[in-house]
Amino acid sequence: MAITVTIDGRTTSVEEGTTILHAARDLGIEIPTLCHNDAVEPYGVCRVCIVEASDGKGRAKVVTSCNYEVWDGLHVQTGSEQIMEARRTILDLLLSAHPNAKPVQDLAAQYGVTEPSYTGDPEDDCILCGLCVRVCDQVVGVSALGFSNRGPARKMVSPFLDPSPTCIGCGSCVYVCPTRCLHIVDEGNKRVLYKQDRKNVFKEFELLPCLSCGRPFLPREQLEYVRKKFKLPRKLAQTCPTCGGPGV
Amino acid sequence: MENFNVFVPRLLDAREYFSAGHRACQGCGETVAIRQILKAVGRNMILVNATGCSEIFSSPFPQTAWHIPWIHVAFENSAAVASGVEAALKTLERKGRLPKREICVMAIAGDGATADIGFQALSGAMERGHNMVYVCLDNEAYMNTGIQRSSSTPFGAMTTTSPPGRLSKGQKTWKKNLPEIMAAHDIPYVATLSPSYPFDLVRKVKRAVEVEGPAYLHVLAVCPTGWRSPTAETIRLGRLAAESGVFPLYEVDHGRYTINLDPGELRPLKDYLGIQGRFRHLKPEDLEYIEERVQANFEKLRGKARMTAREDRKDRKKTGRPRPRQVKKAARSKK
């Protein structure tokens, strides 16, 4: 069922269940985000995407647009003075905690925040957006990453700080990381997944060689997982994508 | 980025900006590249498309495959028109007639429209420093008019205007090295990409949009029709081109060279040339000549990467962290 919403004075009709973020994007109105990816459930943790929502008459409420579903007659303000002020505060706090995280720096600079008010950890770029954790759970389905502790001590880690037995080394977490603090590198027949610098190695993988050209290309864990998941016969997926033409 | 696997594709933008149902040939590499490029940029863009395959097959009147503002221009002036669009946007924003926002101005052209016909317009636009992205979809000949040679056709390739025979070995000259020519313009960002490595492509397109000033992207668009290759081998051909060193994947970010895919020992050239009918007439000594030259070129590229990495290490010593070098902005009044 289509419902009518008004965003920044422009009225549009969207499907029920759409979030404010998507409705605004369809109108070409950009709302900044740090912890959002369409492939996973919204999380509402970075708070950067806040907007004002009201029924057009009464008081406006500040909500996170990424996980707030629209309702009929909803009025949204994405750039009011109150929102700008709150967003500046949020970005200031984020920048204080992670002064060297590039996307935070860029976004904060857009809103005029260049000098953070407090001092945080310049060695830690992880903004705890949870994208890696959610992607590993919801897209890959192995839950090899998680959070430890709470409050200021919260950290993104592999379970019990050990190499996770379920991690398959696919690189999805590295791909979604907004601050690029997760890394995956291939060195010869070894693949290493680590956070920030080489001291925090999450897991090391042994890469299997391609049966045709001999170049290492796939972690053993990944081959086994994919074989099991897609019920592939043993013979398949032992050649690298470059050697394996159709029908191999 | 090239080592990402099975689950990452689901994390790309799910929206399509380039419709299916256009008139491209089977196995066209260009369409794959366009689709991925548009996904990387999103809808905040204005696209200028030179005449060529991509324009012909995507917009037969009265239909269009594009879900974004799109301008079709002649062969020679896509870069000029894109720079005009960029200047107009800047002026309108300055006069307050448009709200300030980041709009990507992109020009897309084939190799003929880039290396031959539109070359001076491109050079001019890059030199003037417009904030735009120029994408060359290189299928290595004028495919749209029936496979005529261009200056981007590789040595030895058969085309209808460089036919092999008793007196000819196909294309007589070596492929024009466009990315290097653009890097010589000293623009902020130059990169070569291939749709066979989608994540590398998406990252480079995003970087090109992000940098202030002109960016040039050179895409290898495999063309089964003109290359006389099986349509199912398109993606594999792109990978073989990169791994054999014929089309090295690298980027030049503010003068710093990075080879994104260095296979160590290059793959034998026969793997790449063997699938393509356009190289069928080549004799072993011709292959040897090409292989030697490809290896020499790749070695040269490695040298450049090593040299700029050395400078980078010095930078890192100063700042303590690896970060892209920024070229000092020219003293130009910016209103």
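What is the order of the strands in the open sheet of 4 strands in chain A, and is their pairing parallel or antiparallel? The order is β8-β9-β10-β11 (chain A), and the pairing is antiparallel.

## Ground rules

This is a predicted model, in which local features need pLDDT of at least 70 and side-chain atom pairs count only at pLDDT 80 or more, while totals for chains, interfaces and linings use all residues. Residues are numbered from 1 along each chain as its sequence is written, and chains are lettered from A and ligands numbered from 1 in the order in which they are written.

Helices (H or I, at least four residues) and strands (E, at least two) are DSSP runs, numbered from the N terminus. Two strands pair if DSSP finds at least two bridges between them.

Strand β9 (residues 190-195) and strand β10 (residues 200-209) of chain A are joined in the antiparallel sense by 6 bridges, with K190(A) opposite E206(A) in β10(A). The loop between β9 and β10 of chain A holds Q196(A), which has a positive phi of about 65° although it is not a glycine. Helix α6 (residues 220-230) of chain A lies across β10 and β11 of chain A and runs at about 60° to β11(A).

## A helix pair in chain A

Helix α2 (residues 81-97) and helix α3 (residues 102-110) of chain A have axes that come within 9 Å and cross at roughly 145°. The crossing of α2(A) and α3(A) is left-handed (the near helix is turned anticlockwise from the far one by less than a right angle; clockwise would be right-handed).

L91(A), L94(A) and L95(A) of α2(A) make the contact with V104(A), Q105(A), L107(A) and A108(A) of α3(A), where contact requires C-beta atoms, placed from the backbone, within 7 Å. The residues of this contact divide into 6 nonpolar, 1 polar and no charged. In these classes, Ala, Val, Leu, Ile, Met, Phe, Trp, Tyr, Cys and Pro count as nonpolar, Asp, Glu, Lys and Arg as charged, and the others, Gly among them, as polar.

## The mixed sheet of chain B

Chain B has an open sheet of 8 strands in the order β2-β1-β3-β4-β6-β5-β7-β8, with mixed pairing. Its edges are β2 and β8 (256-259) of chain B, each with a single partner strand, so one side of each is left without a neighbour in the sheet. The twist averages 15° from one strand to the next.

Strands β1 (residues 45-50) and β2 (residues 70-73) of chain B run parallel and are joined by 4 bridges, with A50(B) opposite V73(B) in β2(B). With helix α2 (residues 53-58) of chain B, β1(B) and β2(B) make a right-handed β-α-β unit (with the strands pointing away from the viewer, the path from the first strand over the helix to the second runs clockwise). The loop between α2 and β2 of chain B contains P62(B), and the peptide bond joining F61(B) and P62(B) is cis, with omega about 5°. Elsewhere, β4 (residues 133-138) and β6 (residues 215-220) of chain B pair in the parallel sense over 6 bridges; D138(B) has L220(B) as its bridge partner in β6(B).

## Helix packing in chain B

Helix α1 (residues 29-41) and helix α7 (residues 198-210) of chain B have axes that come within 9 Å and cross at roughly 50°. That makes α1(B) oblique to α7(B) (angles under 35 degrees count as roughly parallel, over 145 as roughly antiparallel, 65 to 115 as roughly perpendicular and the rest as oblique). By class, the contact of α1(B) with α7(B) has 8 nonpolar, 1 polar and 2 charged residues.

## Where the chains meet

The contact takes 18 residues from chain B and 21 residues from chain A. On the side of chain B that touches chain A, the largest share, 4 residues, comes from helix α9 (residues 234-243) of chain B.

Methods: Axes fitted to C-alpha atoms, helices over the stretch in contact; angles between N-to-C directions. Contact = placed C-beta atoms within 7 Å.
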